[in-house]
Amino acid sequence: MKQILFVLIAVILLGCGGKTSKNEADDTSSNQKTIGNSCLSDLVDKNEIEKMINKEQVASIVGINADNVVFEENKSSRAKYSTVIFKWEPAQERTMSMEVKVGDRTISQTVPLKNSINVGKIDLIGDKKEQSALEYFNYVYGPKTKEEKEQAKARVDRAQETSDEVDKKSVETIKSMVDKQTSIKVDGIGSSAFGSVQNANGMIYYNLKVLYGDTMFEITTDVSDDSEEDIRIAKEIAQQIIDNCN
């Protein structure tokens, strides 16, 4: 079922979103050629995402002692599915509420939260048919209009009609994800970047997708109950990763 969901999500992303305007593509084309395949592309081939940024650099950005940061790997067989995680205890206790089903009862629980930064999911995009890496990235991850979201949801409905493996509940989940798409262009980072504040099970965090040359990567920050702080840290982490490649 998960594989079917991933396929449907891919259909949504590839099927909606406006193409990059010619002017926008022209404005950054020289930057793309200069960057080319950065050192990040080597990390994709070798799945060495742990080399994107180190614990000392993360600690310096967030303003804590590196000894307080716990480093964890969450690596898969490919870099595009792999992340590394940096965790540490917050200065002030942070919690989130979650509901757990026990038989016929639903129990609410409050659990402590650690500050965390996830880095990884590096993918070498390259040219996709008639689109450059920049055009493809903007096309897939850029903001969606209301009309584009409605078109995407209609495609999900059609996908359900042609597959016996996709139930109605899964379709509604994906359509809900489409409605919640709120990516915003982030200027001044890499070749292009889009970020969004996410809310999953009561936990609010920030997700930043960055294109650098022909390579994209992703950062998720949950370091504060203040989303602006999550956004600031994500941008600084992204810039440090890029600086590490120069």
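Here is a short chat about salt bridges in this predicted model.

Me: What makes E50 and K75 a salt bridge?
Reply: Their closest N and O atoms sit 3.1 Å apart, and the cut-off is within 4 Å, so the pair qualifies. E50 is in the loop between α3 (39-46) and α4 (55-62) and K75 in the loop between β1 (70-74) and β2 (83-88), so the bridge ties together parts 25 residues apart in sequence.

Me: Why is E50 called partly exposed?
Reply: Its relative accessibility is 26%. Buried needs under 20% and exposed over 50%, so a value in between gets that label. K75, at 33%, counts as partly exposed too.

Me: How do you know that D225 and R94 form a salt bridge?
Reply: The N to O distance is 3.2 Å, and that is within 4 Å, so they pass. D225 is in the loop between β9 (215-222) and α8 (227-243), while R94 is in strand β3, so the pair links parts 131 residues apart in sequence.

Me: Buried or exposed: which is R94, and why?
Reply: Buried, because R94 comes in at 6% relative accessibility and the limit is under 20%.

Terms used. Residues numbered from 1 in each chain as written. Predicted model: local features only at pLDDT ≥ 70, side-chain atom pairs only at ≥ 80, totals over all residues. Heavy atoms only, no water. Salt bridge = Lys/Arg side-chain N within 4 Å of Asp/Glu carboxyl O. Helix = DSSP H or I, 4+ residues; strand = E, 2+ residues; numbered from the N terminus. Buried < 20%, exposed > 50% of the residue type's maximum accessible area, 1.4 Å probe, protein only.
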